[in-house]
Amino acid sequence: MSESLAELPTGGTVRPITRWGAEVMHHLPEPVTAFDDELRSLVADMAATMYAADGVGLAACQIGRDLSVFVFDCPDEEDVHHRGVVCNPELFLPVGRDRKLDDGDEGCLSLPGAFVPCARPTYARVQGQGLDGSPVSYAGQGLLARCLQHETDHCHGTVFGDRLNKRSLKKLNKQAAAVAEEYGEAWPAERRAPVPGVPGQGS
Ligand code: ZN
């Protein structure tokens with residue numbers, strides 16, 4: 001898995017993070033077809049925004065762009081970091097007896113400060129295209145598996161709230177509402193106040 005330490009473009013601008021409820025987060029985004037400087041610039045902004053928000057992944061819709069691309073920088077189950085850019089991601093999950101579920105907590109930078117358990121397969125593989133349009137594939141377990149699934153969801157117009165039962169969704173929304181004041185509309189481009197004790201697992 002050490003081959004998956006691709007470099008993310010640097011020098012981007014931290015953008016305000018788009019929240020759940022904005023239309024761009026809840027429909028199928030446009031595929032990436034032009035692997036040009038504009039894409040590189042967008043991805044640099046996505047990486048800058050992900051790091052500013054202490055996230056492990058971020059999709060274009062989360063900074064308001066209607067395009068199927070995500071970035072990630074996330075540890076796997078052995079705490080080995082993986083990072084990369086995936087355009088037009090397709091997800092492959094284990095089936096049959098290889099399919100095991102992890103009921104760990106999940107959060108989303110587009111609903112900051114809230115975490116509830118969300119059952120996901122323990123292993124995931126994502127296939128798509130890199131910044132230059134060449135084929136890329138990333139796979140792993142642990143938080144990385146969760147992250148790859150979460151970001152691919154974003155690139156398919158889904159948020160993890162869509163996967164929760166009513167009770168979990170209510171709990172999630174309640175948590176988010178309780179800390180909403182700490183995340184102003186411009187977050188993380190501007191921070192209102194230090195956010196206490198929030199684990200850096202959102203994506
Ligand atoms: Zn998310």
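**A walk through the fold**

Three helices and nine strands make up the secondary structure of this chain. The model is a predicted one. Read from the N terminus, the elements run α-β-β-β-β-β-β-β-β-β-α-α. The chain has a radius of gyration of 16 Å, close to the 17 Å that the globule rule gives for 203 residues, so it is as compact as a globular protein of that length. Along the principal axes, the C-alpha atoms fill a box of roughly 45 × 45 × 30 Å. Of the 203 residues, 39% are buried. Among contacts with a separation of 6 or more, 71% join residues 24 or more positions apart.

Five strands form an open sheet in the order 1-2-3-8-9, and their pairing is antiparallel. Strand 1 (57–59) and strand 9 (135–141) stand at the edges. Each has a single partner strand, so one side of each is left without a neighbour in the sheet. From one strand to the next, the twist averages 35°. Inside the order, strand 3 (residues 81–92) pairs with strand 8 (residues 123–129) in the antiparallel sense, over four bridges. Leu91 has Val126 of strand 8 as its bridge partner.

Helix 1 (residues 37–52) lies across strand 1, strand 2 (69–75) and strand 3. Its angle to strand 2 is about 35°. Helix 2 (residues 143–154) lies across strands 1, 2, 3, 8 and 9. Helix 2 runs at about 165° to strand 2.

The largest nonpolar core holds 48 residues. Val43, Met46, Ala60, Val69, Phe70 and Val71 touch the most other members. Elements giving two or more residues to this core are helix 1, strand 1, strand 2, strand 3, strand 6 (111–117), strand 8, helix 2 and helix 3 (166–179). Helix 1 provides the largest share, eight residues. Take Phe70 as a case. Beyond its neighbours within four places in sequence, Phe70 is in contact with Gly57, Leu58, Ala59, Val86, Pro89, Glu151, His154 and Cys155.

Finally, look at Thr18. Thr18 sits in the segment before helix 1. Is Thr18 buried or partly exposed? A residue needs 20 or more C-beta neighbours within 10 Å to be buried. Thr18 has 19 inside 10 Å, so it counts as partly exposed. Leaving aside neighbours within four places in sequence, its contacts are Val24, Met25, Cys61, Gln62, Ile63, Gly64 and Ser110. Thr18 and Ser168 lie 150 residues apart in sequence, and their C-alpha atoms are 22 Å apart in space.

Note on methods:
Residues are numbered from 1 along each chain as its sequence is written. This is a predicted model: local features need pLDDT of at least 70, side-chain atom pairs count only at pLDDT 80 or more; totals for chains, interfaces and linings use all residues. Two strands pair if DSSP finds at least two bridges between them. Axes are lines fitted to C-alpha atoms, for helices over the stretch in contact, and angles run from 0 to 180 degrees between N-to-C directions. Two residues are in contact if their C-beta atoms, placed from the backbone, lie within 7 Å. A residue is buried if 20 or more other C-beta atoms lie within 10 Å of its own, exposed if 12 or fewer, and partly exposed in between; C-beta atoms are placed from the backbone. A nonpolar core is a set of buried Ala, Val, Leu, Ile, Met, Phe, Trp, Tyr and Cys residues joined through C-beta atoms within 7 Å. The radius of gyration is taken over C-alpha atoms; the globule rule is 2.2 Å times the number of residues to the power 0.38.
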